[in-house]
Amino acid sequence: MEKLKQNIILFDLDGTLTDSAEGVIRACQYMQEKMGLPVWETKDLHFIVGPPLMRTFKEDFGMDAETAEKALTTYREYYTTIGLFENKVYPGIVEMLENLQQKGKRMAVATSKKESLAVTILNHFDIAKYFEVIGGDARELGRDTKAKVIDYVLETMQAEKADVIMVGDRKFDIEGAHALGIPCIAVEFGYGDRAEFEEYHADYIAATAEDVAELF
């Protein structure tokens with residue numbers, strides 16, 4: 001296969017660079033308990049990892065806007081102090097980033113996680129240094145969808161869309177990239193699966209972090 005030519009690579013965070021499921025799920029269970037809601041079992045909450053939380057609370061939990069805001073605030077009581085560190089970098093990620101850096105690629109993060117939390121996590125694991133820009137959710141600025149986060153990162157980097165590709169693990173990454181006319185590499189080691197990637201027309205599928213690097 002011919003190597004990909006894009007020089008700018010955007011990465012999702014949860015499910016792509018780090019396995020954050022434990023902390024996200026525990027924070028959700030904390031929110032449910034504090035709000036007097038039924039506490040779902042861990043196995044039934046994996047779907048919440050990755051997508052924008054406000055969307056999840058409204059669409060999957062059936063909350064109105066006011067309740068969803070309260071849920072998000074309660075969730076963050078746990079996540080911002082404990083949950084964000086119940087997390088680990090996936091195998092091969094550091095080697096992949098080193099490889100891509102050596103190939104001269106410009107890299108950034110585009111995540112639906114609150115931007116300040118994303119910065120904290122990436123610094124905690126000492127991988128923030130690989131990224132030119134770390135862009136995340138900033139609802140106070142109207143940046144509340146994956147497409148808006150990606151658009152912000154591209155604008156900050158002064159990037160030409162033809163020179164950009166997204167790497168993510170869920171349909172939201174594919175949809176967000178495609179909304180801006182950008183191709184997407186879907187990774188199988190995260191929280192999505194091949195059926196989802198095919199349904200949402202991922203442009204490329206990579207089984208491992210090493211496979212991502214080898215595409216370039």
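Predicted model: local features only at pLDDT ≥ 70, side-chain atom pairs only at ≥ 80, totals over all residues.
Biologist: How many residues apart in sequence are Leu-72 and Leu-53, and how far apart in space?

Modeller: Leu-72 and Leu-53 are separated by 19 residues in sequence, and their C-alpha atoms are 7.2 Å apart.

Biologist: In which helix does Leu-72 lie, and is Leu-72 buried or exposed?

Modeller: Helices (H or I, at least four residues) and strands (E, at least two) are DSSP runs, numbered from the N terminus. Leu-72 is in helix α3. Buried means under 20% relative accessible area, exposed over 50%, and partly exposed in between (1.4 Å probe, protein chains only). Leu-72 counts as buried because its relative accessibility is 3%.

Biologist: How should I read the largest nonpolar core, and which of its members touch the most others?

Modeller: In soluble globular proteins, nonpolar side chains tend to be buried together. A nonpolar core is a set of buried Ala, Val, Leu, Ile, Met, Phe, Trp, Tyr and Cys residues joined through side-chain atoms within 4.5 Å. Here the largest core has 30 residues, and the members touching the most others are Phe-11, Leu-17, Met-96, Leu-97, Leu-122, Phe-131 and Phe-216. At least two residues of this core come from each of β1 (8-11), α4 (93-102), β4 (106-114), α5 (115-124), β6 (164-168), β7 (184-187) and α9 (209-214). With 4 residues, α4 supplies the largest share.

Biologist: What does Met-96 touch, not counting residues up to four places away in sequence?

Modeller: Beyond those places, Met-96 touches Phe-11, Leu-17, Ala-209, Val-212 and Ala-213.

Biologist: Is Cys-28 buried or exposed, and how many disulfides are found in the whole structure?

Modeller: A disulfide is a pair of cysteine sulfur atoms within 2.5 Å. Searching the whole structure gives 0 disulfides. Cys-28 counts as buried because its relative accessibility is 0%. Cys-184 is also buried, with a relative accessible area of 0%.

Biologist: How do I read a backbone angle, and what is phi of Gln-158?

Modeller: Most residues other than glycine have a negative phi. Gln-158 is not glycine, yet its phi is positive, near 55°. Gln-158 sits in the loop between α6 and β6. With a relative accessible area of 73%, Gln-158 is exposed.

Biologist: Where does His-201 lie, and what is its phi?

Modeller: His-201 is found in the loop between α8 (194-199) and β8 (204-206). Although His-201 is not a glycine, its phi is positive, at about 60°.

Biologist: Is His-201 buried or exposed?

Modeller: His-201 is exposed, with a relative accessible area of 57%.

How values were computed: Residues numbered from 1 in each chain as written. Heavy atoms only, no water. Contact = heavy atoms within 4.5 Å.
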